[in-house]
Amino acid sequence: MTRECSLLLPRVCAALADPRQPGSDDTCLEKLLDWFHLLTEFDPGVELLHDNPCLTQFITSVLALPEPSPSILSFTLQLAGILASSENRFQHLQQEQLLVRLFGRDGPLNSALWKDASVRSGWVHGVHSMMQHQAALQLLCSGGGMDVIFTLQGDPSLFVASAASQLLVDMLTLSVETEATNPLSTKDCDWPACAQMIIKHIEDSLQSRSAARIEQSLKLLTSLFGSCRATWTEALWLGVAKQVESFLTEETVQAQCVLAKLLLEMAWSPVFYNTEGSFWMLVTSALAHLTPVQAGPLAVGLLKLCKCPQDVRIQALTVLLQPMDCILRATSQPLEYAGLLDESVSDPITVEGLLSSKSSCVSLLNQTLAHLEELLSRSRFPVDLPNTPLLRSLLTILQFCNGLLSPASPLGSTLSRILIDSFRVQRSALAVLAALSNQKVCDTLIGSLFDVLLAYLESPNTSPTVLKKTFQATSKWLVRMQELSCSNNQWQKTEKILEEVFLVLQKRLCSPCWEIRDSSLEFLTDLIKCLRDQDEFKQSLLSSEVPKLTGNLLEDPESYVRASAVTAVGHLAFITCFAPESPAIGEEYNKENIVAKLQEILSTDSEGFPRRAVISIFTQWVRQGCTGQLGETGQFVSQVIQTAEHDLDWEVRFGCLELVQVFCNQIFCQHVSPKCPPLSSPGTSSIHENESLQILCQAKLFSFLFRSLCDCDRILGQRACDILLGLSSYFYPFGTPRDLGKSVDLPAEHSIAWLQRTLRQGSLAQNFPTDGVNGVDFEDPESMMLALGTVDLIELHDELNKSSDHVEKSPQSLLQDILATVGTTEENESDCY
């Protein structure tokens, strides 16, 4: 511990123990506990207490107070636990009789302060910190502390109850792993004493008729099996398995949801998923006896487990699809379509009952649809789903939600009343529909699918959030349909659907609701990204009013819409301006006019979102080579930099750095062939080096990059330094001598030395000169070559990437924060310094 901390610690302890203070700031106490955690890690020996007797004196003084404040007492309990985490310090505190007075029967347990939740919380966390060795276990077991922890499992404070449960898990693990000498069985004598107490408590709770105690023990087992994968957990499970299994059929015990979580944690543990027989039989029994709402999370968790037995996977999938199967059977004509399932796991009447109630129907469908979307989005260990009947079921749900389907059964009539305008179900179903676009389905359903999507796009009753989901699903299925058209030559059907989509989009772009205009522009951008190379798409788009309306929205009053319009116009330019054979659709769509309009937005728009969008689009244009030859692109980048380098929005400046990075990569890619290397690739000819350096200087990149090193936003300095390091590696390949540390004599070298000193000031550097008069000529290739070889960019890189944690989380820094709240800052200011 530093000398400064040793001097300050007595003052902090005295201030905290002062009975005249009603209490201390909670933030201050939390910081001090963090400080002690760090301190005990740095100094694990008993010398910490010998060298700082004020610590034990502080604990003694708090115990001597007739009525200490709850916050100070809670802090003291946690402090004692932290100090006692080392066995040597534990013994020292035991000799002083402090731990018994804090955690034993005569301590806070029997005082009026125990009613305060913060004191109980401090007690639990103190014990938890102390549980690092057998001596602490023995203290709790012999001093009655175990009963206290068992009681705190049911504490009215959920934080205290949760902490107590986790404490028991860690104590059980510590007891077994430090005290057991032989492989464990279900016999009590084989378990260590502390472990026996905890296991007996679990067994007694499970056998009680108290729903609260049963739930507490099931949660404890869930936490244990989720965190501990040791083989001894199987021996523990064998002792309680029959009792746990009985809860599936006992109607008086309502612990099914917790039981499902327990079984899922066990299924993911190698101790259990490698076993055969009893455990997996219990899992299948749970899938059959739990309600669909209770069994859903268990089923989807099992389907994500690659080592789950095949018969269990089939049953889990059946449970998950039952609600969708029930809807499909209830709403189709007899024998018109097969359902999703050949047989059910649980009673179909149960599922029908849940779907017949508005609250349970919406809840069950949302849960089921969320699970299906999750499974469809998995790239690893994909689950085989019956995609075509699932698609029919989804379309049925969406038709019910907007009143497009006439019921074919009593349950269908009920569903039509429940689901009409249910935007929660609509959003969930559309999300699954979008995810299903990547799966193989029957082609004949595509027409029905777009009928439903277009109905949602056209309906004035479709809410903005549902419309956004509809756009996303439509975009994915249009891409899928384009792929099908290429293989089936169904161009006419594709063109007809595209025409209908663009007709709807024209109306939506004129909506009075800004959210709808915004999501419409996002939809257009997605379509252009995916389909801009398809002739029928380009023809349908350019023959509509969509491009004109999109351009008009560059002046929308809402900044989010303007930003989306910038992005859409920027991608539209790939078709109207940058394609090899761009169509003639109006003077306003030529390259010069679009660039001028976007540059105007970059320089004049009052909001940051549109300006960020412009920088992003310009970067994409440069990346894809749309801005001409290197010379033209250099001029373009230079103009953008001069506009954006002083922008008050740091994200605009950061985007400008990204643009510079892309431009630099392009220069080096064109000068090195046949394969394009990374920015730091060595070895180009001196001619190419000189040409590259000339282009970079003419584009005024260096002044922007070096100034960015001193930006008040650290992330910009880091990015600029990365780019400059790349440039330095390019112009000075590995092994090339540099001038780092060289004595300077020439005027140019003097200016570089000045630059090095200025850069070391970081964001404190003021009036960074870029005109070459008082500083460096950033447009002179020779000066920049000298700068790249002289300035210690690696040192700057390390400094910029150094986290502030080394200051903010150091013991001394924490202690300074503590003194600001527990003591008089002026008296201690010199010590802090």
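**Close-up 1. Arginine 532 over the ring of phenylalanine 574**. In this predicted model, the charged end of arginine 532 lies 4.2 Å from the centre of the phenylalanine 574 ring, sitting over that ring. Phenylalanine 574 is also one of the contacts of cysteine 626.

**Close-up 2. Surroundings of cysteine 626**. Cysteine 626 is placed in the loop between helix H33 (608–623) and helix H34 (630–644). Its relative accessibility is 13%, so cysteine 626 counts as buried. Beyond neighbours within four places in sequence, cysteine 626 contacts Phe574, Phe578, Lys591 and Trp621. Phenylalanine 578 is 48 residues away along the chain, yet its C-alpha atom is 6.1 Å from that of cysteine 626. Trp621 from this contact list is also among the residues with the most contacts inside the largest nonpolar core.

**Close-up 3. Cysteine 326 and its closest cysteine sulfur**. The closest cysteine sulfur to that of cysteine 326 belongs to cysteine 361. The separation is 9.6 Å, too far for a bond. A disulfide would need the sulfur atoms within 2.5 Å. The structure holds zero disulfides. Cysteine 326 has 9% relative accessibility and therefore counts as buried. Cysteine 710, at 9% relative accessibility, counts as buried.

**Close-up 4. An edge-to-face pair, phenylalanine 58 and phenylalanine 75**. The model has 21 aromatic pairs.

**Close-up 5. A tilted pair, phenylalanine 502 and phenylalanine 537**. The ring centres of phenylalanine 502 and phenylalanine 537 are 5.8 Å apart, and the planes lie at 50°, so the pair is tilted. Here too, distant parts of the chain are linked. Phenylalanine 502 sits in helix H27 (residues 491–509), and phenylalanine 537 in helix H29 (residues 535–542), 35 residues apart. Phenylalanine 502 and phenylalanine 537 are both buried.

**Close-up 6. An aromatic cluster**. Five residues form one cluster: Phe225, Trp237, Phe272, Phe279 and Trp280.

**Close-up 7. Tryptophan 123 in the largest nonpolar core**. This core has 268 residues. Trp123, Trp621, Phe702 and Leu727 have the most contacts inside it. Setting aside neighbours within four places in sequence, tryptophan 123 touches Leu77, Leu102, Phe103, Leu109, Trp114, Leu140, Gly145, Val148, Ile149 and Leu152. In soluble globular proteins, nonpolar side chains tend to be buried together.

Methods: Residues are numbered from 1 along each chain as its sequence is written. This is a predicted model: local features need pLDDT of at least 70, side-chain atom pairs count only at pLDDT 80 or more; totals for chains, interfaces and linings use all residues. Side-chain values use heavy atoms; hydrogens and water are left out. Rings of Phe, Tyr and Trp (its six-membered ring) pair if their centres lie within 6.5 Å; planes under 30 degrees apart count as stacked, over 60 as edge-to-face and the rest as tilted. Helices (H or I, at least four residues) and strands (E, at least two) are DSSP runs, numbered from the N terminus. Buried means under 20% relative accessible area, exposed over 50%, partly exposed in between (1.4 Å probe, protein chains only). A charge sits over a ring if NZ of Lys or CZ of Arg is within 6 Å of the ring centre and within 35 degrees of the ring normal. A nonpolar core is a set of buried Ala, Val, Leu, Ile, Met, Phe, Trp, Tyr and Cys residues joined through side-chain atoms within 4.5 Å. Contact means heavy atoms within 4.5 Å.
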